[in-house]
Amino acid sequence: MPFKRFVETGRVVYVVEGPYKGKICCIVDCIDQKTVLVDGPESGVPRSKMRISQIHLTKFKVNFPYNGSTRTVRQAWIKSDLSNLWIKSRWAEKAANREKRASLGDFERFKLKRARRIRNKIRTNVYQALFNKTYCPKKKVVKKPKEEVKAE
Amino acid sequence: MADVKAEVKTEAGKRKRASKKEEVKAPIVKKKVRPSREKYFAKYDEKKKALANGTLKKIPSKKPKQNLLSGTATWKVVYKSGTWRFVHKPTENKLLSKAAATAKAEGKPLVITPKKKSIIVKPIKGEKNGGTREVHTVKRKAYYATMKTPKKHRSRGLFKNHKRNTRSSLTPGTVVILLTGIHKGKRAVLLKTLDTGLLLITGPFILNSIPLRRVHQGHVIATKTKLDISSVQIPEEVDDKYFKRILLKKKPKKGDSSKILFVQKNKTYRPTEKRKSDQKLVDKQILDILKKHPDRKTFLMYLASTFGLKSNQYPHRMQF
């Protein structure tokens, strides 16, 4: 499999470490093998150098000339509708969920636990019903109402 | 214009005022004023006219202003609570008159104790001895330039009198996770902080069998969840003394062998009727509040349940 994501100008990057953790920005220029010049005018990351180890490459790429100013980066960013694309992506969704889960309080965690328990109970019941219906048809099984399937 | 500025009746100010008046009176032509100051002067002119008409009356100041910095003033400049302040300094005559007045009121003769002199001059006998010598009535402190002066340590007083601080997250009504003791892992409601800095909590007892209890704030995790318990009335007797431990059995005296002969039953702690009634009173109020909670059912289950960590949970990374 050839590589598809490269450290290159315009590559959109997810910051994993440091003060801008959790934000995205664009690579503007490669400073050396380990560091990169980065700019995120629309995401609140100032133009600065960043270690590549602090960064994860995304599938997105924005078109602007190498070493472009913040202004050109912003124009390209808005033109490609990157902010929206990012929010819609599965990666951003997961990251948001992770953050939400981390910010839960004790009581909220308890509520979640309880909700999961109820959901799993419904799910196993439905599964068991289906299982019995197909594999052990002789046995009489109490059918669960259809609403519960929807609740899953 | 000069009149306004010279309202401060200092001696120096008076002199200035006089000199300025003369200057202003002599030339009739109005002085050129900065445009930014024009408004201010216009306002002043208006006020002056109003005073002349009688529409506006001047409010006489209650006290004549004193020159605080002059030597004759009965004030002194003192560094007090962060800033330099003028503090009233009673003169010697005033003090005397005051003492005389109080003596008169009490019907006692005025006794004036003369000031103790710090230095007494004594004659020296003999020739070529200088004639006199100075004797200090109070022994002066020894001073050696190279000696380190011992530092004064601020005494903190008795432990029981120390100032207690509770964490800002521990406000009345917070749900709290207990970390030590027989109730460890349980969740309870914080009622208030007592004078000793210990927290007063309750289960409520029906939910998780935590009675009215004191806990140290270090043995507790404060959660975000808070109940509005401002309406809850805790009996006044419930304070630190209320929770004082009662000795269950007295030690038998040395000579008294009769008591040792019989096997004594071990007495266990039993809450008094008073405690039971207080418990009921407080818990009822809190349960009433809980019943009004939007997540009523879950909340009751929450308080009844115990706290625990899963394999991938780290308390220092979690929020409560």
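User: What share of the 152 residues in chain A is buried?
Analyst: Of the 152 residues in chain A, 18% are buried. A residue counts as buried if 20 or more other C-beta atoms, placed from the backbone, lie within 10 Å of its own, as exposed if 12 or fewer do, and as partly exposed in between. This is a predicted model, in which local features need pLDDT of at least 70 and side-chain atom pairs count only at pLDDT 80 or more, while totals for chains, interfaces and linings use all residues. Residues are numbered from 1 along each chain as its sequence is written, and chains are lettered from A and ligands numbered from 1 in the order in which they are written.

User: And chain B, what percentage of its residues is buried?
Analyst: In chain B, 10% of the 320 residues count as buried.

User: How many helices and strands does chain A have?
Analyst: Chain A contains five helices and five strands. These are DSSP runs numbered from the N terminus, where a helix is H or I with at least four residues and a strand is E with at least two. Along chain A from the N terminus, the order of elements is β-β-β-β-β-α-α-α-α-α. Chain B has eight helices and nine strands.

User: In what order do the strands of chain A sit in their sheet?
Analyst: The order is β4-β3-β2-β1-β5 in an open sheet of five strands with antiparallel pairing. Two strands pair if DSSP finds at least two bridges between them. At the edges are β4 (45-51) and β5 of chain A, each of which pairs on one side only. From one strand to the next, the twist averages 40°. Axes are lines fitted to C-alpha atoms, for helices over the stretch in contact, and angles between N-to-C directions run from 0 to 180 degrees.

User: Which strands does β1(A) pair with?
Analyst: β1(A) runs antiparallel to β5 (residues 55-61) of chain A and is joined to it by four bridges, with Val15(A) opposite Ile55(A). β1(A) also pairs in the antiparallel sense with β2 (residues 24-30) of chain A over three bridges, and there Tyr14(A) stands opposite Ile24(A). Further along the sheet, four bridges join β2(A) to the antiparallel strand β3 (residues 35-40) of chain A; Ile27(A) has Val38(A) as its bridge partner.

User: Why is β1(A) described as largely enclosed?
Analyst: Five of the five residues of β1 (residues 11-15) of chain A are buried, so the strand is largely enclosed by the rest of the structure. Arg11(A), Val13(A) and Val15(A) point one way, Val12(A) and Tyr14(A) point the other way, and all are buried. In a regular strand, side chains alternate between the two faces of the sheet.

User: Changing topic, what does UniProt annotate on chain A?
Analyst: An unreviewed UniProt entry carries the annotation "domain: KOW" for residues 10-39 of chain A. UniProt positions are given in the numbering used here, feature names are shortened, and annotations may be inferred rather than shown by experiment. In the model, this span is 0% helix and 57% strand, and its end C-alpha atoms lie 10 Å apart.

User: How many residues are in the largest nonpolar core?
Analyst: The largest nonpolar core has 25 residues, and Val176(B), Val189(B) and Ile201(B) have the most contacts inside it. Such a core is a set of buried Ala, Val, Leu, Ile, Met, Phe, Trp, Tyr and Cys residues joined through C-beta atoms within 7 Å. Among the elements giving two or more residues to this core are α4 of chain A and β5, β6 (187-193) and β7 of chain B. The largest share, four residues, comes from β6(B). A second, separate core has 19 residues, including Ile27(A), Val45(A), Val62(A) and Trp77(A).
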